[in-house]
Amino acid sequence: MNTKVINLRKPLLEQLLNNAILNSMSWAMDNCCKRPQEPDYIAAMSLKFPKDLFKILQLTFLNEEFSVTGVYCHQKPIVDINEVKRPELGDLLLVYIGEDYKRKKIMNSLLLQAKITNTLEKEISSNEYHQLKLYTEWPEFTYHRAGCLNGIRRNIFPKTITDGAQYLLIDDNPYTNGMDGDIEKFPMGCAIPGSILMCNDSFSNEIINFLKFKSGRICDVDYHNTKDEWSKMIWDLLRISCGQFSKRKNAGLYRFPRKNECKRFYTKHMEEESIIYDLLQEGENIDSDGETGVSVIIIENNHFRNNYDGGREWDYFNYN
């Protein structure tokens, strides 16, 4: 997507994204037998939000091809950083694969750790400092509860805060409160890791910046040959997430194969242009513990659209 075009259409795009986020949160509230928890909102963002996001991208960028895929996992990968407690790698992973001006594939990533709050500032409790250490210092870690990845080491540089790993602040009563931004209220926001999480942007605007590569961390597209440890970690998460099982009864979701909990929406010419095929094929061969993976939203984009057919939904639950 062209940055100039994104900037031109940003007001509409941000409003539509905010509405879609609210709709997803409403879905979580309607499907929970009690007050939604963080995993319920992540389920909504990975299963309900992708369809709305796909429609928004179609509406906003009429001459481009898109694929949007959502995968939900309840149990997150755990890593060992030689602390008493082992942190989660994250709750939600955003991945964007687009093209540069030479039509070369480029990839962006954003790993998010979710926290419920209705204020712009949230203090990290002492029993969550192991998670904060991971996102602020990136010590060498070993996968601990990550299926076939268990025992594999990753050593990410630089050893400091990165735009590729942030906190996602979720207002659990968005219609009554809504986080108070400088201009308007918004249901979700993002914060740079710190002992006090300070919301620096709405999640909708973070997504817009993510599509412009202004937010997030660039990855290598060729995951078979990359030597970059961050890229290896992102592809690790994508691979295991497409081969897992899930159970989240509180959100009305039941245990079934990971591919049955993967929603994909795409325009005609993106059907065979997706990384999802390879990831699912690899995922079917993964010997995992059955429940570990990170929830993901994968956005894929090609510049030019021919013979537009209105787009379609590929629901893996009905796909043979």
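1. Lys48 is partly exposed, at 26% relative accessible area. The classes are buried (under 20% relative accessible area), exposed (over 50%) and partly exposed in between, with a 1.4 Å probe and protein chains only. Asp52 counts as buried, at 16% relative accessibility. The side chains of Lys48 and Asp52 form a salt bridge, 3.1 Å from N to O. The term means a side-chain nitrogen of Lys or Arg within 4 Å of a carboxyl oxygen of Asp or Glu.

2. A word on the basis. This is a predicted model: local features need pLDDT of at least 70, side-chain atom pairs count only at pLDDT 80 or more, and totals for chains, interfaces and linings use all residues. Residues are numbered from 1 along each chain as its sequence is written, and side-chain values use heavy atoms, with hydrogens and water left out.

3. The structure holds 10 salt bridges. One of them joins Lys115 and Glu128, at 2.7 Å from N to O. This pair links distant parts of the chain, 13 residues apart: Lys115 lies in strand β4 (residues 105-116), Glu128 in the loop between β5 (121-123) and α5 (129-137). Helices (H or I, at least four residues) and strands (E, at least two) are DSSP runs, numbered from the N terminus. Lys115 is buried, at 9%. Glu128 is partly exposed, at 21%.

4. Asp80 and Arg86 also form a salt bridge, with their closest N and O atoms 3.7 Å apart. Asp80 is partly exposed at 23%. Arg86 is partly exposed too, at 39%.

5. Which charged residue is buried yet has no salt bridge? Glu64 is; the nearest side chain of opposite charge, Arg9, is 6.5 Å away. For charge, Lys and Arg count as positive, Asp and Glu as negative; His and the chain ends are not counted. Glu64 sits in the loop between α4 (49-60) and β1 (65-71).

6. Helix α6 (residues 203-211) has nine of its nine residues buried, so it is largely enclosed by the rest of the structure. Among them are Phe203, Glu206 and Leu211. Just after α6, Phe213 takes a positive phi of about 65 degrees.

7. Three strands form an open sheet in the order β2-β6-β7, with antiparallel pairing. β2 (78-80) and β7 (153-154) are the edge strands. Pairing needs at least two DSSP bridges between two strands. Three bridges join β2 to β6 (residues 141-145). Val79 has Tyr143 as its bridge partner in β6.
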